[in-house]
Amino acid sequence: EKLNRAESIRDFSTSRVGVITGVVYEEALSKEFPQMQVMRISDEISLLQTLLTHRCDAVLFDDHTLKFHMQSISGIRILKEPYMTADVGAIFHKENEALRDEFNVFVRQLKADGRYAQLYDKWIEHGQTAHMSDIELPEEGEPLRVATTSSSAPLVFIKDGEMAGLEVEILTLFAQYINRPIEWWDMDFSGVLPAIISKRCDVAVCSINYSEERAKAVIFSDM
C-alpha cells in the first residue's frame with residue numbers, strides 16, 4: 001500500500017527496481033540507494049514485462065519511451081518526480097570527428113528547415129501509428145554502419161518487420177545526405193558502446209544519454 005502512494009524513486013529505496021543494462025542511471029541507483037535491489041534487464045520489452053508480471057516493483061524508462069508504451073498499455077502509474085535528466089545524442093569513435101561534425105551540420109539543417117520538428121511530432125507524439133518515410137539510398141558504396149538496439153521505441157524499434165523510429169529516420173536521411181547505404185547492427189544496449197570503441201560501427205543511436213564517463217570513450221553529437 002505504501003508503494004501505491006509513492007511519488008518518487010526514493011520511495012522504492014528498499015524495493016525491486018528494473019533498469020536496462022548499461023543505462024547511465026544504473027550505477028547511480030546502486031550508489032544512492034544501496035539497499036535497493038536493482039534488476040538489470042537487457043531490453044525494454046522484457047523490462048516492461050517484468051513490471052507487468054509483478055516481478056519488480058518499479059522500472060525506470062526514458063520519458064519518450066514511457067509515453068510511447070502508455071499509448072497501448074494500461075495499469076501503469078507514472079511517478080510525479082523524474083529521477084534524473086540527461087542529454088541524448090549519437091555517438092562516434094574519437095577518431096571519427098569528421099563524420100560527427102558532418103552529422104551535426106546535417107541535424108542543424110533539419111532543425112532550421114522544420115523537418116526535425118515534423119519528425120519529432122511524428123514519432124514522439126504519434127509513434128504507435130507512424131510509419132517510415134520512403135527514403136532512397138544508394139545500393140553500392142561503403143555503408144554507414146549503425147549500432148543500435150531495436151527495443152528503444154519510439155527512437156529505434158521494429159515496425160512491419162523493419163527498423164523504424166525517430167533516430168532511425170534521422171540516420172537514414174543522414175545516409176542519404178552523405179550518399180551512402182546504411183547497415184543496421186542490432187544488439188543489446190550493453191554492446192552498443194563497445195561496437196563504437198572497437199570501430200565495428202561508425203555511429204550509434206538508441207536513446208544514448210550523455211555522461212562524463214562515456215565521453216572519455218566516445219564523442220557525442222550535438223543532437
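User: Where is Pro-154 found?
Analyst: This is a predicted model. The peptide bond from Ala-153 to Pro-154 is cis, with omega near 0°. As for its place in the chain, Pro-154 belongs to the loop between β6 (151-152) and β7 (156-159).

User: Ser-207 has a positive phi of about 55°. Does Ser-207 count as buried or exposed?
Analyst: Ser-207 is not a glycine, yet its phi is positive. It lies in the loop between β10 (203-204) and α8 (212-215). The cut-off for buried is under 20% relative accessible area. Ser-207 has 4% relative accessibility, so it counts as buried.

User: How many salt bridges does the count come to?
Analyst: Side chains of opposite charge can pair when their charged atoms come close. The rule here asks for a side-chain nitrogen of Lys or Arg within 4 Å of a carboxyl oxygen of Asp or Glu. By this rule the count is 15.

User: Arg-40 and Glu-26 meet in a salt bridge. How many residues apart in sequence are the parts that the pair ties together?
Analyst: The side chains come to 2.5 Å, N to O. Arg-40 is in strand β2 and Glu-26 is in helix α1, so the pair joins a strand to a helix. The separation in sequence is 14 residues.

User: Is Glu-26 buried or exposed?
Analyst: Its partner Arg-40 has a relative accessible area of 42% and is partly exposed. Buried means under 20%. Glu-26 is at 14% relative accessibility, so it counts as buried.

User: Which residue forms a salt bridge with Asp-222?
Analyst: The closest N and O atoms are 3.5 Å apart. The pair links distant parts of the chain, 114 residues apart: Asp-222 is in the segment after β11 (219-220), and its partner is in helix α4 (residues 97-112).

User: What is the N to O distance in the salt bridge of Arg-115 and Asp-113?
Analyst: Arg-115 is partly exposed, with a relative accessible area of 33%. Asp-113 is also partly exposed, at 45%. Their side chains meet at an N to O distance of 2.9 Å.

User: Which residues are linked with Glu-142 in a network of salt bridges?
Analyst: Glu-142 belongs to a network that includes other charged side chains. The residues linked with Glu-142 are Arg-145, Arg-180 and Asp-202.

User: Where is the place of Glu-139?
Analyst: Glu-139 gathers with Asp-134, Glu-136 and Glu-140 in a patch of negative charge on the surface. Glu-139 has a relative accessible area of 81%, so it is exposed. Its place is in the loop between α5 (115-125) and β5 (144-148).

User: How many aromatic pairs does a search of the whole structure find?
Analyst: Ring pairs link Phe-92, Phe-103, Phe-106, Phe-174 and Tyr-177 into a cluster. Across the whole structure, the number of aromatic pairs found is 9.

User: Why is the pair of Phe-33 and Tyr-83 tilted?
Analyst: The ring centres are 6.5 Å apart. Planes under 30 degrees apart would count as stacked, and over 60 as edge-to-face. The planes of Phe-33 and Tyr-83 are at 45°, so the pair is tilted.

User: How many residues apart in sequence are the parts tied together by Phe-33 and Tyr-83?
Analyst: Phe-33 lies in the loop between α1 (24-32) and β2 (37-41), and Tyr-83 in the loop between α3 (63-70) and β4 (91-92). Phe-33 counts as buried at 8% relative accessibility, whereas Tyr-83 counts as partly exposed at 21%. The pair thus ties together parts whose separation in sequence is 50 residues.

User: How far apart in space are Leu-66 and Ile-76, C-alpha to C-alpha?
Analyst: Leu-66 lies in helix α3. At 19% relative accessibility, Leu-66 counts as buried. Leu-66 and Ile-76 are 10 residues apart in sequence, and their C-alpha to C-alpha distance is 9.9 Å.

Key. Residues are numbered from 1 along each chain as its sequence is written. This is a predicted model: local features need pLDDT of at least 70, side-chain atom pairs count only at pLDDT 80 or more; totals for chains, interfaces and linings use all residues. Side-chain values use heavy atoms; hydrogens and water are left out. Patches are made of residues with over 30% relative accessible area and no salt bridge: like charges are joined within 9 Å, nonpolar side chains (Val, Leu, Ile, Met, Phe, Trp, Tyr) within 5 Å. Accessible areas come from the Shrake-Rupley method with a 1.4 Å probe; for residues, only the protein chains shown count as cover. Lys and Arg count as positive and Asp and Glu as negative; His and the chain ends are not counted. The place of a charge is taken as NZ of Lys, CZ of Arg, CG of Asp or CD of Glu. Helices (H or I, at least four residues) and strands (E, at least two) are DSSP runs, numbered from the N terminus. Buried means under 20% relative accessible area, exposed over 50%, partly exposed in between (1.4 Å probe, protein chains only). Rings of Phe, Tyr and Trp (its six-membered ring) pair if their centres lie within 6.5 Å; planes under 30 degrees apart count as stacked, over 60 as edge-to-face and the rest as tilted.
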